[in-house]
Amino acid sequence: MMLDIKAARRAAILFHLEVGPDGRHHAWPNPFGTTTGRENPKGWSFAYLPKCQKHIIQSVPGSFVAQLDYRQQELTILAAKAGNTELLDVCANADFYEHLRQRGPWHERSRNQVKRMTIALLYGGDEKLLAHLFDLPLTTAANWFKSFKALFESEFKWLDQYAYQAYRD
């Protein structure tokens, strides 16, 4: 029932898209709309259309419709900055979160839970946050955090150096 309501709401987007005088739809991406800096578009946007309906949007002759969806972008950028070629390879050729799910003490958790954990820890979370998010004993959360930091040793080193440099500047 809830999925039906969500699908109907997403389909209704087509009736609310505004087209400017230039014949184009311009959505405001609101790039700093969240505390993490992720985009949080405001208003109606064809970016929210289900993939099965995106073929409805057509361009006029001589132009095109473009929508880019970056996969695992935070991890790929971090891996490149930290010089971790193994992580870059995983990001380019596999589902990183599924790969990580199989490599740690969190292997019984879902892919979405591992994604949530990864983003939380890379944005500064710690074992206390893990304990809270996943209803874990603090000792278990501390073990998970230690395992995660070991897997991301070069990334955490780069993050610490970058934060120190920003603090000094």
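In what order do the elements of the protein chain run from the N terminus on? They go α-α-α-α-α-α-α-α, that is, eight helices and zero strands. Both kinds of element are DSSP runs, numbered from the N terminus: helices are H or I with at least four residues, strands are E with at least two.

Some ground rules: this is a predicted model, where local features need pLDDT of at least 70 and side-chain atom pairs count only at pLDDT 80 or more, while totals for chains, interfaces and linings use all residues. Residues are numbered from 1 along each chain as its sequence is written, and side-chain values use heavy atoms, with hydrogens and water left out.

**Whole chain.** The protein chain exposes about 12,200 Å², by the Shrake-Rupley method with a 1.4 Å probe, where for residues only the protein chains shown count as cover. Carbon and sulfur atoms supply 55% of that area. Of the 169 residues, 25% count as buried (under 20% relative accessible area, 1.4 Å probe, protein chains only).

**Stop one: Y97.** Select helix α4, residues 96-101, and find Y97 in it. Y97 is buried, with a relative accessible area of 3%. Now show its contacts (heavy atoms within 4.5 Å): leaving aside neighbours within four places in sequence, Y97 meets Q72, L75, R111, V114, K115, T118 and I119. Draw a distance between the C-alpha atoms of Y97 and R111: they are 14 residues apart along the chain and separated by 5.9 Å.

**Stop two: α6 against α7.** Select residues 127-134 for α6 and 138-151 for α7; their axes come within 8 Å and cross at roughly 120°. Axes here are lines fitted to C-alpha atoms, for helices over the stretch in contact, and angles run from 0 to 180 degrees between N-to-C directions. Which residues of α6 and α7 make the contact? On α6, pick E127, K128, L130, A131 and F134; on α7, L138, A141, A142, W144 and F145. Colour them by class and you get eight nonpolar, no polar and two charged residues (Ala, Val, Leu, Ile, Met, Phe, Trp, Tyr, Cys and Pro count as nonpolar, Asp, Glu, Lys and Arg as charged, the others, Gly among them, as polar).

**Stop three: F145.** Stay in α7 and centre on F145. Is F145 buried or exposed? F145 is buried, with a relative accessible area of 15%. Not counting residues up to four places away in sequence, F145 touches L121, G125, D126, E127 and L130. The C-alpha atoms of F145 and L121 are separated by 8.1 Å.

Conventions. Buried < 20%, exposed > 50% of the residue type's maximum accessible area, 1.4 Å probe, protein only.
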